[in-house]
Amino acid sequence: QEQLVESGGGLVQAGGSLRLSCAASGRTISNDAMGWFRQAPGKEREFVAAINWSGDNIYYADSVKGRFTISRDNAKNTAYLQMNSLKPEDTAVYYCAAGRNEYVSMWDRRTVGVGYWGKGTLVTVSS
C-alpha cells in the first residue's frame with residue numbers, strides 16, 4: 001500500500017524547534033516533488049514549503065521564510081521540515097504531500113499534480 005507517514009509533531013514553546021519527517025512506503029519518492037501544507041483549527045489548508053525531486057528548487061510561504069527549511073533524502077525515501085523560531089500561529093496539523101515536479105512551483109496557489117497525502121501530524125506551539 002502506497003502511503004506517506006508524517007512524524008515529529010508535538011507540543012513546543014514559542015521560540016522552540018521541531019523537525020517533521022515524511023516517510024514514504026510502498027513507493028519511491030525520488031522522482032516526486034514533495035511538499036508540506038498545514039491546516040489550523042477553523043482555517044483552510046495552506047501551503048508551507050515544497051521541494052522538487054532533486055532539491056534544486058525550493059519554495060516557501062512568506063510566513064515561514066527564514067524559519068523553516070524543507071529537505072529530502074531520496075536514499076531514505078523521506079522528506080523533512082525543520083521548523084525553528086516557532087510561533088503560536090504555526091499551530092496546525094501538518095500534512096506531507098507528493099506529486100508531479102512540473103507543478104511544484106504552483107503549490108503555493110493550487111495543489112495541482114499532488115497525488116498523495118499523508119494523514120498529518122499535530123504541531124502545537126504554546127505562548
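C22 and C96 are both buried, where buried stands for under 20% relative accessible area, exposed for over 50%, and partly exposed for the range in between (1.4 Å probe, protein chains only). The model is a predicted one, in which local features need pLDDT of at least 70 and side-chain atom pairs count only at pLDDT 80 or more, while totals for chains, interfaces and linings use all residues. Residues are numbered from 1 along each chain as its sequence is written, and side-chain values use heavy atoms, with hydrogens and water left out.

The two cysteines are joined by a disulfide with an S to S distance of 1.9 Å; the term denotes a pair of cysteine sulfur atoms within 2.5 Å. The structure holds 1 disulfide. The link of C22 and C96 is left-handed, with -75° about the S-S bond. Because C22 belongs to strand β3 (residues 18-25) and C96 to strand β9, the pair ties together parts that are 74 residues apart in sequence. Strands here are DSSP runs (E, at least two residues), as helices are (H or I, at least four residues), and both are numbered from the N terminus.

On its β9 side, F37 stands opposite Y95. β4 also pairs with strand β5 (residues 46-51), in the antiparallel sense and over 5 bridges; here F37 stands opposite F47. β4 and β5 form a hairpin with 6 residues between them, and G42 in the turn has a positive phi of about 75°. Of the 7 residues of β4, 6 are buried, so the strand is largely enclosed by the rest of the structure.

A search of the whole structure finds 3 aromatic pairs. A pair of aromatic rings is described by the distance of the centres and the angle of the planes. Rings of Phe, Tyr and Trp (its six-membered ring) pair if their centres lie within 6.5 Å; planes under 30 degrees apart count as stacked, over 60 as edge-to-face and the rest as tilted. The rings of F37 and W107 have centres 6.3 Å apart and planes at 50°, so this pair is tilted. Since F37 lies in strand β4 (residues 33-39) and W107 in the loop between β9 and β10 (114-117), the pair ties together parts that are 70 residues apart in sequence. Both F37 and W107 are buried. One aromatic cluster is formed by F37, F47, W107 and W117.

A ring also meets a charge in this model: the charged end of R19 sits over the ring of Y80, 4.0 Å from its centre. The criterion is that NZ of Lys or CZ of Arg is within 6 Å of the ring centre and within 35 degrees of the ring normal.

The structure contains 7 salt bridges, each being a side-chain nitrogen of Lys or Arg within 4 Å of a carboxyl oxygen of Asp or Glu. Strand β4 contributes R38, whose side chain meets that of D90 in a salt bridge (2.9 Å, N to O). D90 lies in the loop between β8 and β9 and R38 in strand β4, so the pair ties together parts that are 52 residues apart in sequence. D90 and R38 are both buried. Salt bridges that share partners join R38, E46, R67 and D90 into one network. R38 counts as buried because its relative accessible area is 5%, whereas E46, at 35%, is partly exposed.

Another of the salt bridges links D32 with R27, whose closest N and O atoms are 2.5 Å apart. D32 counts as buried at 11% relative accessibility, and R27 is likewise buried, with a relative accessible area of 18%.

N77 has a positive phi of about 55° although it is not a glycine, and its place is in the loop between β7 (68-73) and β8 (78-83). S85 has a positive phi of about 50°, again without being a glycine, and lies in the loop between β8 and β9 (92-99). N77 counts as buried because its relative accessibility is 14%, whereas S85, at 41%, counts as partly exposed.

Methods. Pairing = 2+ DSSP bridges.
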